[in-house]
Amino acid sequence: MTIIYRFITISRITHLGEKPVDVILSFTPEQGRYINSLPLHHSQELLSNDENEFQFSYYIRPTYHFRMEILSFDHQIKVLQPVSLRETISESLTAALNLY
């Protein structure tokens with residue numbers, strides 16, 4: 001099952017009233033090249049790429065599953081927009097760090 005298919009299928013099942021938002025993600029060059037070749041979502045657009053980062057935009061529901069996908073990229077991803085999603089991811093990472 002492709003990543004695109006997973007997000008389309010999951011978002012139909014679990015969006016629970018969440019509305020799509022504009023999301024901008026920044027990836028390390030290594031992950032950026034991978035994501036560029038295998039998009040996370042059909043709305044993915046490459047905004048910029050250079051030797052430091054790849055930036056992509058998405059119009060997507062910020063579902064639990066999408067947030068877990070973001071977290072799965074560990075230190076190789078940064079949420080730039082929206083601020084609310086950035087804060088949610090930051091809170092999750094802080095909570096995980098506090099377990100150690």
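**Entry 1: D50**

I began with D50, which sits in the loop between β2 and β3. The model is a predicted one, and I kept that in mind for every entry. I then looked at what the side chain of D50 reaches: one of its polar atoms lies 2.7 Å from the backbone nitrogen of N52. I also took the distance to T28, which is 22 residues from D50 in sequence; their C-alpha atoms are 9.7 Å apart in space.

**Entry 2: the chain as a whole**

I next noted the overall layout. I counted four helices and four strands in the chain. Their order along the sequence is α-β-α-β-β-α-β-α. The chain has 100 residues, of which 34% count as buried. I also looked up how far apart in sequence the contacting residues are. Taking contacts between residues at least 6 apart in sequence, I found that 63% join residues at least 24 apart.

**Entry 3: L46**

I moved to strand β2, where L46 lies. The relative accessible area of L46 is 38%, so I recorded this residue as partly exposed. Setting aside residues up to four places away in sequence, I found L46 touching N36, F54, Q55 and F56. Between the C-alpha atoms of L46 and Y58 I noted 9.3 Å, with the two residues twelve apart along the chain.

**Entry 4: the loop between α2 and β2**

I looked up two residues here, H41 and Q44; H41 is found in the loop between α2 and β2, and Q44 has its place in the loop between α2 (29-37) and β2 (45-49).

H41 has a relative accessible area of 7%, which is under 20%, so H41 is buried. Its side chain makes a polar contact of 2.7 Å with the side chain of S43.

For Q44 the relative accessible area is 14%, and I recorded Q44 as buried also. Which partners does the side chain of Q44 have in polar contacts? I found the side chain of Y58 at 2.9 Å, and the backbone oxygen of I35 at 3.1 Å from a polar atom of the Q44 side chain. Leaving out neighbours within four places in sequence, the residues in contact with Q44 are I35, N36, P39, F56, S57 and Y58.

**Entry 5: the largest nonpolar core**

I turned to the largest nonpolar core, which has 16 residues. Which of its residues touch the most other members? They are L25, F27, Y58 and I70. I listed the elements that supply at least two residues each to this core: β1 (21-27), β3 (54-60), α3, β4 and α4. The strand β3 gives the most, with four residues. I noted the general background that nonpolar side chains tend to be buried together in soluble globular proteins.

Apart from its neighbours within four places in sequence, I70 is in contact with L25, I77, V79, L85 and I89.

**Entry 6: the largest pocket**

I found I70 again in the lining of the largest pocket, along with L71, D74, H75, I77, K78, V79, R86, I89, S90 and L93. The space in this pocket is about 190 Å³. I asked which elements supply at least two residues each to the lining. They are α3 (64-71), β4 (77-81) and α4 (83-97). The largest share comes from α4, with four residues. By class, I recorded six nonpolar, two polar and three charged residues in the lining.

**Entry 7**

D74, one of the lining residues, has its place in the loop between α3 and β4. Its relative accessible area is 53%, so D74 is exposed. I noted a positive phi for D74, near 55°, in a residue other than glycine.

P82 is placed in the loop between β4 and α4. I set both details down because most residues other than glycine have a negative phi, and most peptide bonds are trans.

Technical notes:
Residues are numbered from 1 along each chain as its sequence is written. This is a predicted model: local features need pLDDT of at least 70, side-chain atom pairs count only at pLDDT 80 or more; totals for chains, interfaces and linings use all residues. Side-chain values use heavy atoms; hydrogens and water are left out. On a 1 Å grid over the protein atoms alone, a cavity is a set of points where a 1.4 Å probe fits but cannot get out, and a pocket is an open set with protein on both sides within 12 Å along at least five of seven lines; lining residues have an atom within 4 Å of a point. Grid points are joined across faces, edges and corners, and a volume is the space filled by probe spheres set on the points. Ala, Val, Leu, Ile, Met, Phe, Trp, Tyr, Cys and Pro count as nonpolar, Asp, Glu, Lys and Arg as charged, and the others, Gly among them, as polar. A nonpolar core is a set of buried Ala, Val, Leu, Ile, Met, Phe, Trp, Tyr and Cys residues joined through side-chain atoms within 4.5 Å. Buried means under 20% relative accessible area, exposed over 50%, partly exposed in between (1.4 Å probe, protein chains only). Contact means heavy atoms within 4.5 Å. A polar contact is a pair of N or O atoms within 3.5 Å; within protein, one must be able to donate a hydrogen and the other to accept it, and residues adjacent in sequence count only if both atoms are side-chain atoms.
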